[in-house]
Amino acid sequence: MAKESVKSQEFRVPFRDVDMNGEMFRSSYVVRAEEAVTEFWRRRKPQKDDPFFRIGKITCTFHSALKLGDVVHTHIGVSKIGGKSAGFLVHMLRGDEAVAEAEIVWMTCDPESREPVPLPEDLRDWLYQFLD
């Protein structure tokens, strides 16, 4: 089975997201990564027995600063599939140049109790097609 990467979205760095030096705030990279993960989930129709997800960890690696007006493309894949979690890797590119990667790990929880639960097999199977 061929693994896929999802071209999530394109954005232009807006004025509200830059500091006095014209560089994008580091926190804005995380916001954009979370938006990319949300776009990723639009590929899958919600199921009645889907678990509740909460953020377990977010990491970001910076390669080159984004500047006001830069056009950025995001690509997302699944970085890991655990017993009770799934990780998503968001690549941010300015043209062909990698500017950052953010990994977001979601923990699966029971929708009512919010206690950790195993990742359902059907969801695990769906995620495998995007595993990097």
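Residues are numbered from 1 along each chain as its sequence is written. In this predicted model local features need pLDDT of at least 70, side-chain atom pairs count only at pLDDT 80 or more, and totals for chains, interfaces and linings use all residues, while side-chain values use heavy atoms, with hydrogens and water left out.

**Exercise 1.** Determine which residues of helix 2 are buried and what covers them.

*Solution.* Step 1: helices (H or I, at least four residues) and strands (E, at least two) are DSSP runs, numbered from the N terminus. Helix 2 comprises residues 121-128.
Step 1: buried means under 20% relative accessible area, exposed over 50%, and partly exposed in between (1.4 Å probe, protein chains only). In helix 2, Leu123, Arg124, Trp126 and Leu127 are buried.
Step 2: down the axis of helix 2, these residues fall within an arc of 160°, so they line one face of the helix. The arc is that of the directions from the helix axis to the C-beta atoms.
Step 3: contact means heavy atoms within 4.5 Å. The cover includes helix 1 (26-41), strand 2 (52-62), strand 3 (71-81) and strand 4 (85-94).

**Exercise 2.** Describe the aromatic pair of Tyr29 and Phe62 and the parts that this pair ties together.

*Solution.* Step 1: rings of Phe, Tyr and Trp (its six-membered ring) pair if their centres lie within 6.5 Å; planes under 30 degrees apart count as stacked, over 60 as edge-to-face and the rest as tilted. The whole structure holds 12 aromatic pairs.
Step 1: Tyr29 and Phe62 are edge-to-face, at 4.9 Å centre to centre and 80° between the planes.
Step 2: because Tyr29 lies in helix 1 and Phe62 in strand 2, the pair ties together parts that are 33 residues apart in sequence.
Step 3: Tyr29 is buried, with a relative accessible area of 1%, whereas Phe62 is partly exposed at 37%.

**Exercise 3.** Identify the residues that touch the most other members of the largest nonpolar core, and the element that gives the most to this core.

*Solution.* Step 1: a nonpolar core is a set of buried Ala, Val, Leu, Ile, Met, Phe, Trp, Tyr and Cys residues joined through side-chain atoms within 4.5 Å.
Step 1: the largest such core has 30 residues, of which Val37, Phe40, Trp41, Phe88, Met92 and Leu127 touch the most other members.
Step 2: two or more residues come from each of helix 1, strand 3, strand 4, strand 5 (97-109) and helix 2. Helix 1 gives the most, with 6 residues.
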